[in-house]
Amino acid sequence: MSDTKSEAIKQSGAVFFIFGATGDLARRKLFPAIYSLYREGKLSEKFAVIGLARRPRTEVQFHDDLLQSIQEFARYKVDKVDADWQRFAAHFTYMSLDINNIDGFKELSSVATKLEQKFDIAGNRLFYLALAPDLFGSVAHNLRDGGMLETDGWHRLVIEKPFGFDLASAKLLNEEINKVFEEKEIYRIDHYLGKEMVQNIGVVRFANAFFEPLWNNKYIANIQITLSETVGVEERGGYYDHSGALRDMGQNHMLQMVTMMAMEPPSRLHPEDLRDEKVKVLRSLRAYSSKEEVKSHVVRGQYGEGTVRGKSRVAYREEPNVNPVSTTSTYFAAKVFVDNFRWAGVPFYIRTGKNLPVKTTEVVVEFKNIPDNVYLAKKNKLQPNLLVFRVNPMEGIYIKINAKRPGSSDESQSTIIPVAMDFCQSCLVGLNTPEAYELLIYDAACGDSTYFTRWDEVKLAWQFVDQIAEAWAENADDLHIYPAGTWGPQEADELLAKDGFHWWPVNGQAESEVVWVGEHI
Ligand SMILES: NC(=O)C1=CN([C@@H]2O[C@H](COP(=O)(O)OP(=O)(O)OC[C@H]3O[C@@H](n4cnc5c(N)ncnc54)[C@H](OP(=O)(O)O)[C@@H]3O)[C@@H](O)[C@H]2O)C=CC1
Ligand SMILES: O=C1O[C@H](COP(=O)(O)O)[C@@H](O)[C@H](O)[C@H]1O
């Protein structure tokens, strides 16, 4: 991002319209993100936020909500409710508006114009839809028909996931939005692309002579992506029961991480170049040849009752707003292939689930063992080299290599031991790196679409996911119930075992035989 671009937002400012301002996302992520941007000096005083939702809120109530959300969820806290806080809060206005009522948009237009005059903003408008997707089309039309797009500045639409329920519904949604906004004005959020370590994948891959030459099927045995959560569906049962793990995480975050791992280096650091490379990966995903193949390559599960980190959990079917005979999966693991020159034959194993024992997102690259050699002639069990990206909540990279056991000479003993070299980013900079939403809202305000998903990516991802959903729709014979607090169905282990692999332990379960650098051997 050039300085000129980031300076532009400070100089000409913008109005942020948060549709769904009384909702969970606004409270937990969006308001705290805007506050952090302000505290970091990335926003000047030339900005305004208009919170929009149906329920009435007075200005005082809205500012109280804002303060609470920041105190609870922001990485910067408000030390004192003093003049500095009042200066920040004065940028926030609330207006009650029903999205289906065009008159409200006309009123909104005059509220926005007044704020633009008050804060000297040059007509730039960012519309953030923290709403259920079935409202996206109405918002887009009413923004146009209510005169909200008649300013001289830029207009950008930021949309939350899920973008549709399947390919057909996503296409319809896209057509609706495209009647009002051009593709270049649409910023589809996938908050995983805003995570530091996901963005770091490209840097580690392409800026290191250690890795770049080895990044192919000659040296890599498999890639494992784990996105495990300790939470259940909590209060989102109504949404989740229609979505399930495949649509909630697979179609977006997981496939996006596959693209970051598998893409070719972009020729320029330009949003379209990077997105072109990601699209090529999605286009190369091998389709399953039949419903049977889906079932042998994709394992699904649903949590039963159990205990997670000492707390008992009810079975998924007993969660509020969940169908008591639901066959929705809360877990899936899949074997995926990227059929191109670089990746031919390398399995990508991806898994995600709720109510698992550990909250972590990790990507493990397992390298092939080197050919038989003099070191293997002894009693050594050579372990494969691993490169691990720790995405969340701990951020870092660790590498596992083989080294000589210090002082070893006894031929009867293993003289080679696995050693881990750990770059723990969180230990160095704390857990205080910018939240994904902070980076993404800022990028959208600066007009940088690099880490937003383009329509062709979304389309191809749905195409891939739909074939799995269709196979699953036939019957739920292959749905495995796993106790909450376990690592999901054992069939997910068998998925790898059939290929001679296993899931590598993830964060918090460091392999016991590995020696960590700095540790006493
Ligand atoms: N919460 C999260 O962590 C995440 C959410 N998302 C997505 O973000 C979107 C919003 O999620 P979330 O905040 O959790 O949802 P909530 O149900 O908490 O909030 C929905 C918001 O929409 C408003 N709303 C609903 N109908 C209308 C209407 N007709 N006119 C105006 N406002 C309306 C509600 O306010 P009111 O009732 O006052 O009108 C409320 O502010 C969803 O698409 C979700 O899938 C994506 C990733 C994470
Ligand atoms: O998009 C979603 O992501 C969260 C997990 O996000 P994380 O940043 O906490 O790893 C997940 O809980 C939710 O179901 C899903 O909609």
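This is a short tour of a predicted model, stop by stop.

Residues are numbered from 1 along each chain as its sequence is written, and chains are lettered from A and ligands numbered from 1 in the order written. In this predicted model, local features need pLDDT of at least 70, side-chain atom pairs count only at pLDDT 80 or more, and totals for chains, interfaces and linings use all residues.

**Stop 1: the open sheet.** Select the six strands in the order β3-β2-β1-β4-β5-β6. They form an open sheet with parallel pairing (strands are DSSP E runs of at least two residues, helices H or I runs of at least four, numbered from the N terminus; two strands pair if DSSP finds at least two bridges between them). Its edge strands are β3 (92-96) and β6 (186-188), each pairing on one side only.

**Stop 2: β5 and β6.** Select residues 155-159 for β5, which pairs with β6 in the parallel sense over three bridges. V158 stands opposite Y187 in β6.

**Stop 3: β7.** Move to residues 220-228. Eight of the nine residues are buried (20 or more other C-beta atoms, placed from the backbone, within 10 Å of the residue's own). On β13 (360-367), the pairing is antiparallel over eight bridges; T226 stands opposite E362 there. With β12 (347-353), β7 pairs in the parallel sense over six bridges. In β12, G353 is the bridge partner of S228.

**Stop 4: ligand 2.** Which residues surround ligand 2? Select E229, D248, T361 and N392 (C-beta atom, placed from the backbone, within 6 Å).

Conventions
Buried ≥ 20, exposed ≤ 12 C-beta atoms within 10 Å, placed from the backbone.
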